[in-house]
Amino acid sequence: MVTNSALSDLQESDLELQRPRATLVEIAADKLREFILLEKLPPGATISERDVAAALGISRTPLRGALTLLEQDGLVEYSVTRRPRVADPSLEEVAENLVVMGALEALGGELACVNATDSEVKNIVSLQQKMAAGADTLEPLDFFRTDMTMHQSIIKASGNRALIETHARYNARLWRARFVSSRRSDGREQTLAEHAAIVDALSRRDAKATAGALREHLRSAVTNISVALEERRAAQQKE
């Protein structure tokens with residue numbers, strides 16, 4: 001069940017627009033997505049539509065729309081009695097999806113080497129540099145958003161619409177798992193080194209090296225997620 005503390009945080013948070021002309025449903029989905037990422041709404045927690053709607057100051061109709069969006073993203077699931085809860089996929093499920101994501105991003109990197117404009121490559125490099133410069137100062141969520149923007153920019157630079165759409169679906173499904181990987185401070189140095197290898201290969205328009213660097217980066221995410229889950233279990237056992 002979502003705790004009173006989480007509901008209090010929802011009440012105090014501002015429903016800021018994450019995108020231009022966002023609907024109330026999209027704004028609520030963005031806020032809930034952020035709380036799931038930060039585990040203020042922990043994996044497996046049952047979501048009370050009445051309590052969460054009240055905390056957000058909206059009716060249950062837009063909240064249900066927001067939950068539907070999050071269900072499509074794989075962040076929310078429903079019990080047999082249709083009660084919504086925060087999804088808690090197994091490591092095996094996450095790993096299988098990351099294998100597919102690695103193939104998609106490798107293909108995106110190959111195509112970006114051919115199709116990306118110089119301006120697009122420059123923007124991707126600047127995102128990598130922003131993460132490197134802010135490794136010790138950026139908040140985990142800001143670091144993660146920059147990280148995902150870099151990956152999404154590579155896919156967009158591929159110029160392949162079908163790939164862009166497929167990647168978006170898998171990335172939404174893996175959003176929380178990738179955040180778990182991104183926020184591990186112990187793995188930050190390796191993450192930055194892998195990012196540097198990706199943008200170096202892309203800047204040289206080396207398709208093979210770019211694809212290989214992206215595949216290796218996604219393989220590392222599986223290890224990071226596995227370690228993070230073990231750390232979380234150990235912390236829970238001490239409580």
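Select Arg-205 and you'll land in the loop between helix 10 (188-203) and helix 11 (207-238); helices (H or I, at least four residues) and strands (E, at least two) are DSSP runs, numbered from the N terminus. This is a predicted model, where local features need pLDDT of at least 70, side-chain atom pairs count only at pLDDT 80 or more, and totals for chains, interfaces and linings use all residues. Residues are numbered from 1 along each chain as its sequence is written, and side-chain values use heavy atoms, leaving out hydrogens and water.

Arg-205 isn't a glycine, yet its phi is positive, about 55 degrees. With 30% relative accessibility, Arg-205 counts as partly exposed (buried is under 20% relative accessible area, exposed over 50%, partly exposed in between, with a 1.4 Å probe and protein chains only).

Now jump to Arg-82, in the loop between strand 1 (76-78) and strand 2 (84-86). Its phi is positive too, near 65 degrees. Buried or exposed? Arg-82 counts as exposed, because its relative accessibility is 53%.

Next, go inside and select Leu-32, Ile-36, Leu-56, Leu-63, Leu-67, Leu-70 and Val-76: in the largest nonpolar core, with 20 residues, they touch the most other members. A nonpolar core is a set of buried Ala, Val, Leu, Ile, Met, Phe, Trp, Tyr and Cys residues joined through side-chain atoms within 4.5 Å. Which helix gives the most to this core? Helix 2 (24-37), with five residues.

Last stop: Cys-113, Ala-116, Val-199 and Leu-202, which are among the 18 residues of a second, separate core.
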